[in-house]
There are 2 protein chains.
Amino acid sequence: MNDVAAAAGVALKTVSRVVNDEPGVNPATAEKVRGAIEALGFRRNDGARTLRRGHTSSIGVIVRDLADPFYSTLTRAVEEVALTHGFLVFTGSCDESASRQRELALAFCARRVDGIIIVPVGDDQRYLEPEIHAGVAAVFVDRPATNIDADSVLVDNVGGVRKGIEHLLARGHRRIGYIGDAPEIFTAGERVRGYRETLTAAGHLIDPSLIAMASPSRQGIRAALERMLLSSPSPATALFTGNSRITVTVLRELAELEASGQGLERRPALVSFDDFDLADLLTPGVTVIAQDPARIGRTAAELLFRRMEGGNLSPVRRELPTRLIPRGSGEALP
Amino acid sequence: MNDVAAAAGVALKTVSRVVNDEPGVNPATAEKVRGAIEALGFRRNDGARTLRRGHTSSIGVIVRDLADPFYSTLTRAVEEVALTHGFLVFTGSCDESASRQRELALAFCARRVDGIIIVPVGDDQRYLEPEIHAGVAAVFVDRPATNIDADSVLVDNVGGVRKGIEHLLARGHRRIGYIGDAPEIFTAGERVRGYRETLTAAGHLIDPSLIAMASPSRQGIRAALERMLLSSPSPATALFTGNSRITVTVLRELAELEASGQGLERRPALVSFDDFDLADLLTPGVTVIAQDPARIGRTAAELLFRRMEGGNLSPVRRELPTRLIPRGSGEALP
């Protein structure tokens with residue numbers, strides 16, 4: 001910057017004003033400074049300023065899989081809020097690996113992010129305590145943190161499933177299969193709880209052979225469908241699927257079962273937790289319990305920036321609502 | 001770290017070895033160091049090391065929209081390669097705004113990213129020249145850079161469209177409508193060029209009323225469909241759509257046109273540039289010219305790390321192939 005000031009024949013302070021877009025520089029002088037900057041190849045460096053101020057105007061976002069539309073939509077919404085504050089965003093995917101998540105989170109903290117938004121994996125986030133004490137703001141999304149007191153943004157999973165199951169019960173379904181994700185995942189556990197509680201409250205028994213909970217794979221889901229729809233003496237007439245990845249696999253396997261002539265006479269009714277692109281264009285359209293990933297991301301980012309402004313706030317737990325969108329598949333009768 | 005060494009009763013070098021996961025520390029000693037770290041709330045700080053080494057082990061990725069599955073899949077693949085090198089990833093979406101892209105790119109550079117992967121917007125990326133001269137590696141993806149000599153990873157757009165148009169011609173279609181994105185976007189221009197060249201090479205005239213090029217909107221696409229399919233004296237019997245966002249809108253509008261009873265007697269054949277989730281589950285399945293966004297991201301990241309290793313390499317331009325996947329919609333006869 002000294003070189004720029006000398007080349008432009010102005011004071012160092014003037015260069016700093018131009019670089020930082022501060023007022024009080026007349027346009028001709030600013031032009032001269034910019035010319036000198038161009039000629040000298042001056043590059044802004046936020047590193048020293050960062051070390052001095054102790055913060056970096058950046059946040060980290062750790063999700064299950066950035067290639068999954070639910071998480072990419074959530075992350076984009078975080079990015080939008082960050083931008084309005086002049087913050088940049090680190091992103092990382094950890095699938096369901098707690099160790100990879102821990103590594104990513106600590107790497108972000110070592111780069112001195114000011115805040116971090118995490119879809120927590122595993123049953124212990126205490127490793128973040130020193131970071132939070134040192135001033136890193138943290139907000140957990142989609143799932144609450146374990147062993148640590150922090151802000152979280154969740155969805156009303158139990159209430160969402162209740163709406164879907166009641167929708168199927170109202171249409172006369174009594175044999176409703178449930179296909180969910182690995183039960184150790186918070187949302188998977190909550191959603192199957194919603195299924196059990198709603199059936200019990202309506203006076204129905206729970207049939208364990210109608211519940212399948214596992215990390216989704218084609219083979220696993222195919223086996224569950226064959227058990228519930230073909231080999232059962234009293235087959236399911238409806239299905240509830242626990243997230244959109246499972247729903248899409250179920251739809252693909254149902255199409256194959258129908259094509260294979262294995263005796264699936266009628267497609268079961270279907271309600272999916274999670275909306276997804278093109279659900280309205282399938283035949284029939286897929287009835288869903290929609291979450292709003294952009295709203296989840298926005299809410300989390302707003303909480304994060306509120307916390308980064310400081311003050312002694314007690315942890316907040318926001319629970320966002322879901323919405324039933326009937327499109328055909330959930331309205332089929334038994 | 002001095003405090004940790006004192007508390008654990010070991011040398012400073014030993015603490016450093018444990019923190020950096022270096023060999024040569026016996027397990028019991030390492031355990032003692034980790035206990036002291038936990039008790040003292042030691043936090044790793046990469047900031048000083050970064051300033052000293054002059055690099056940050058981070059890269060920036062700037063795409064059109066992180067919430068778009070094409071770009072989120074590409075970004076996730078970059079992340080995977082970065083992880084194997086111990087690098088973290090900044091991400092940013094700029095839609096089609098050249099000024100936002102410039103701001104994001106320079107902000108990443110001011111944080112001293114070691115490299116940057118950009119889907120370039122606008123007709124001038126010279127603003128990155130000082131950064132590249134100063135040692136920031138840059139790879140452009142999906143579109144080449146303008147006015148700057150740098151690595152790029154593209155897709156064979158012209159060849160991809162050729163495959164699709166020849167597929168339709170072979171089934172007897174002569175009136176093939178083309179619906180593409182805004183013509184100033186590189187890929188949009190290349191793809192419509194593929195359409196024109198293929199028809200011309202096959203001895204057909206180009207009918208301008210069968211070409212619609214604009215930033216996709218429901219209204220614009222609806223108007224194009226009505227012009228090509230309903231009000232034309234010689235309606236199109238087939239459509240080629242320039243990307244998956246356009247394809248999905250076209251499918252939605254076709255369904256509405258059919259439902260509205262406005263006289264669309266038969267659905268035109270359809271080939272889409274870009275594959276998308278569920279294309280196989282629609283009725284009919286959608287025939288696509290598939291790109292491989294994960295491969296694009298992986299290739300770009302590998303080029304970037306090769307360039308970051310230094311050496312005087314001349315700029316490379318990789319062009320990845322596409323693949324025609326017939327699923328039904330592209331096989332309908334006129």
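This is a predicted model: local features need pLDDT of at least 70, side-chain atom pairs count only at pLDDT 80 or more; totals for chains, interfaces and linings use all residues.
Figure 1. Glu256(B) belongs to helix 11 of chain B and Arg222(B) to helix 10 of chain B, so the pair ties together parts that lie 34 residues apart in sequence. Glu256(B) counts as partly exposed, at 39% relative accessibility, whereas Arg222(B), at 18%, counts as buried. A salt bridge is also formed by Arg218(B) with Glu253(B), whose closest N and O atoms are 2.7 Å apart. This pair, too, links distant parts of the chain, since Arg218(B) is in helix 10 (residues 218-231) of chain B and Glu253(B) is in helix 11 of chain B, 35 residues apart. Arg218(B) is partly exposed at 40% relative accessibility, while Glu253(B) is buried at 3%.

Figure 2. Arg245(A) and Asp65(A) are joined through their side chains by a salt bridge of 3.6 Å, N to O. Because Arg245(A) lies in helix 11 (residues 244-260) of chain A and Asp65(A) in the loop between strand 1 (58-63) and helix 5 (69-84) of chain A, the pair ties together parts that are 180 residues apart in sequence. Arg245(A) is partly exposed, with a relative accessible area of 38%, and Asp65(A) is buried, with a relative accessible area of 13%. Salt bridges that share partners join Asp65(A), Asp68(A), Asp95(A), Arg100(A), Arg245(A), Arg76(B), Glu79(B) and Glu80(B) into one network. Over all chains, the count of salt bridges comes to 49.

**Figure 3. The interface of chain B and chain A.** Here 52 residues of chain B are in contact with 51 residues of chain A, and the two chains bury about 4700 Å² between them, 54% of it on carbon and sulfur atoms. Eight salt bridges are found across this interface, one of them between Arg76(A) and Asp95(B), where the closest N and O atoms are 3.1 Å apart. Between the two chains, 17 residue pairs are in polar contact, both residues being at pLDDT 80 or more. On the side of chain B that touches chain A, the elements that give two or more residues are helix 4 (47-53), helix 5 (69-84), strand 2 (88-93), helix 6 (98-110), helix 7 (129-133) and helix 11 (244-260) of chain B. Helix 5 of chain B provides the largest share of that side, with seven residues, and the residues of the side divide into 22 nonpolar, 14 polar and 16 charged.

**Figure 4. Strand 2 of chain A beside strand 2 of chain B.** Strand 2 (residues 88-93) of chain A and strand 2 of chain B run antiparallel and are joined by three bridges. Val89(A) has Thr91(B), in strand 2 of chain B, as its bridge partner.

**Figure 5. Strand 5 of chain B and its neighbours.** Strand 5 of chain B is largely enclosed by the rest of the structure, because five of its five residues are buried. Both of its faces are covered, with Asp151(B), Val153(B) and Val155(B) buried on one side and Ser152(B) and Leu154(B) buried on the other. Strand 4 of chain B runs parallel to strand 5 of chain B and is joined to it by three bridges, and the bridge partner of Val141(B) in strand 5 is Val153(B). Strand 5 of chain B also pairs in the parallel sense with strand 11 (residues 317-320) of chain B, over four bridges, where Val153(B) stands opposite Arg318(B). In the loop between strand 4 (137-141) and strand 5 (151-155) of chain B lies Asp142(B), a residue other than glycine whose phi is positive, near 75°; at 6% relative accessibility, Asp142(B) counts as buried.

Figure 6. In chain A, the peptide bond from Thr283(A) to Pro284(A) is cis, with omega near -5°, and Pro284(A) is found in the loop between strand 9 and strand 10. In chain B, a cis peptide bond joins Thr283(B) and Pro284(B), with omega about -10°. Val286(A) is placed in the loop between strand 9 (269-273) and strand 10 (287-290) of chain A and counts as buried, at 1% relative accessibility. Among the residues that Val286(A) touches are Leu251(A), Leu270(A), Phe276(A) and Ile325(A).

Definitions and conventions. Residues are numbered from 1 along each chain as its sequence is written. Chains are lettered from A and ligands numbered from 1 in the order in which they are written. Side-chain values use heavy atoms; hydrogens and water are left out. Contact means heavy atoms within 4.5 Å. Buried area is the accessible area (1.4 Å probe) that two parts lose on being put together, summed over both. A salt bridge is a side-chain nitrogen of Lys or Arg within 4 Å of a carboxyl oxygen of Asp or Glu. A polar contact is a pair of N or O atoms within 3.5 Å; within protein, one must be able to donate a hydrogen and the other to accept it, and residues adjacent in sequence count only if both atoms are side-chain atoms. Ala, Val, Leu, Ile, Met, Phe, Trp, Tyr, Cys and Pro count as nonpolar, Asp, Glu, Lys and Arg as charged, and the others, Gly among them, as polar. Two strands pair if DSSP finds at least two bridges between them. Buried means under 20% relative accessible area, exposed over 50%, partly exposed in between (1.4 Å probe, protein chains only). Lists of a residue's contacts leave out its neighbours within four places in sequence.
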